[in-house]
Structures are given as C-alpha cells and as structure tokens.
Amino acid sequence: ADQPPDPDHVLPALHGAVCAAGRARALAANVYTLSFLCVMALFALGNMMLKYKRGRIRRPVRATWPTNFAALAAVLIALIGNVILAPGHLIYFIVYFGIVAGITILMFERIRLLKYFLFLVSQGPAHLQDRFAGVTQMAMDKIRSQKVVFFAKNDNLEVLNKAVSYVQSNELTKWLKVVYVYEDLNDPMIKAIAENLRVIDRCFPKVVIDLVLLNDPMIKAIAENLRVIDRCFPKVVIDLVLVQGTFSPEVVAQVSSRLGVPRNFMFIACPGDRFPHDIGDFGGIRMITH
C-alpha cells in the first residue's frame, strides 16, 4: 500500500510555497505601487501640458499652477520613498515597463515591420513568396485603409495644413476625411475650405483629394477643381465631406456611423471657452491643433 507523505517533508514544502507566494505578492504589490505613482505623476504633467497648450478648453474645474506643482511634488516624493524602501523591486518594474513599452512600440511600427518581413520573403524561395507575400500585403493594406476624420471649423489654412501633417506623421493610415458641418448651402466658408485644400494639394505630393457628399449633390461644384496631385506627403487620400447641420455630439455620432470611422479616429481643433459642448460628450474625439 502507498505510504502517506512524511509530514517532515510536506510541512517544509508548504512553508516554502507560502513564503514564495508571499514574496511574489509583495513584489507585485510594490510594482503596482510604482506603476500607480508613475501614472499619477503623468496626470499632473498632462494637466500642466493642457494648461499650456489647451488653456481655452471649456471645463468645470480648473487646477492652478501651484496645485499642479504641489501634486507632482507629492507624487515624486512618494515614488522616491518607495524606491528607497525596496530598491530591489525597481528592476522588476523596469522589466515590466520595458515589456509593455516594447509591445506598444511594435504596434506603432507594425507597418514598418511588415515591410521588412515582406522584403525578407521576397528574397526567399518562390513557395514562401506565394504563401506569405499576398497575406502580408493584405495586412498592410487593411491597416492603411483605416480612415481618420478632421472636423474643419473654418478655412484656416494653417490649421488644415497641421491636420494633414499630423496624420502623415502620427497615424498609420493615409486616408483623411476633412468634414465641414454647414447650416446654409450658400455658406462662403465651403468654397474657402475647398480653395485652401487646393493650396495644400500643391504641397503634399501624390495626395488624392476627392469630394464626398453626404447631403446635397448641389455642393459638388464647390470641389470640382480639387486635383489628384501632391508633392510633400505621398499616398495620402483626402476627402472633403460636407454635412448639413450644426456641429454637435449627435452630428459627430451620425458621421461616425455613416463613414464607418470610430470616434477615437476623429479630430478637431482646440475649441474655445465659449464652445457649447463638453469634450467628453463627443465620445473620445481627439484634439490635434490649437
């Protein structure tokens, strides 16, 4: 018959397992504490950046500069104190941070990585090219086909140029839809925006500018002169979308549904303090210019 395990061996093993679990729990708690304090520090820094770059944003509560600096100082003191108390745990925090940061960078650079992989495949035997080249190209095309939307407030050429530049520099997609919400069909701003897009068209090479009409086909004449040429930002598609109505969270939701663009891929310029809506009401829309 099987003999029961010797308590002299079981108890030390259980004690070791409990101690190891306790150490792992303490390590995880300390790493979480460091992560939490870093996030709190980023909140303070982010609020400072918003006060400097987006001071016109309408909001119910405004933190003063001394309050921001005091909060940042308190968080940094707590962060330094935790590192001093358990300096050995800092290396684990750095490792975890490096893993997460690496995954994030890979996500942002996946087009470049796919290009490298496609090049390597093209240098290999024919059966590998047949198997992987088409799939890789389709994956790249799918990433690039994601549309982004910029809601133009007026015909400000500098703002329109910044919007195109931002998409070119920071987004993996190369398809930008410039949306102008108008109330009056005879609004002169429509023609002005179309003219400024034509000016931008001369600066961005190989940019395709089309007109997409959501409401009234009569507006088609406004963008007839928009041409399929650009010389600065290759392979960017820019659509001018005209929507009749008043700019509001409801209109943004309708445009998102109609164009199939998630609201976190939509941008606006920084609104003033008289803007009648709260930014949070728009469901994740982003700001990219002043």
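Which residues have the most contacts inside the largest nonpolar core? They are Phe150, Leu160, Leu176, Val178, Ile193, Leu197 and Leu240, in a core of 23 residues. This is a predicted model, in which local features need pLDDT of at least 70 and side-chain atom pairs count only at pLDDT 80 or more, while totals for chains, interfaces and linings use all residues. Residues are numbered from 1 along each chain as its sequence is written, and side-chain values use heavy atoms, with hydrogens and water left out.

**Nonpolar cores**

- A nonpolar core is a set of buried Ala, Val, Leu, Ile, Met, Phe, Trp, Tyr and Cys residues joined through side-chain atoms within 4.5 Å.
- At least two residues of the largest core come from each of strand 1 (147–151), helix 6 (157–170), strand 2 (175–182), helix 7 (188–201) and strand 4.
- Helices (H or I, at least four residues) and strands (E, at least two) are DSSP runs, numbered from the N terminus.
- Another core, of 19 residues, lies apart from the largest one and includes Val181, Val243, Leu259 and Ile285.
- Beyond its neighbours within four places in sequence, Val178 is in contact (heavy atoms within 4.5 Å) with residues including Phe150, Leu160, Leu197 and Leu240.

**Ser248**

- Ser248 sits in the loop between strand 4 (236–244) and helix 8 (249–259).
- Ser248 counts as buried because its relative accessibility is 10%; buried means under 20% relative accessible area, exposed over 50%, and partly exposed in between (1.4 Å probe, protein chains only).
- Leaving out neighbours within four places in sequence, Ser248 contacts His277 and Phe282.

**Cysteines**

- The structure has zero disulfides, a disulfide being a pair of cysteine sulfur atoms within 2.5 Å.
- Cys38 is partly exposed at 24% relative accessible area, whereas Cys270 is buried at 6%.
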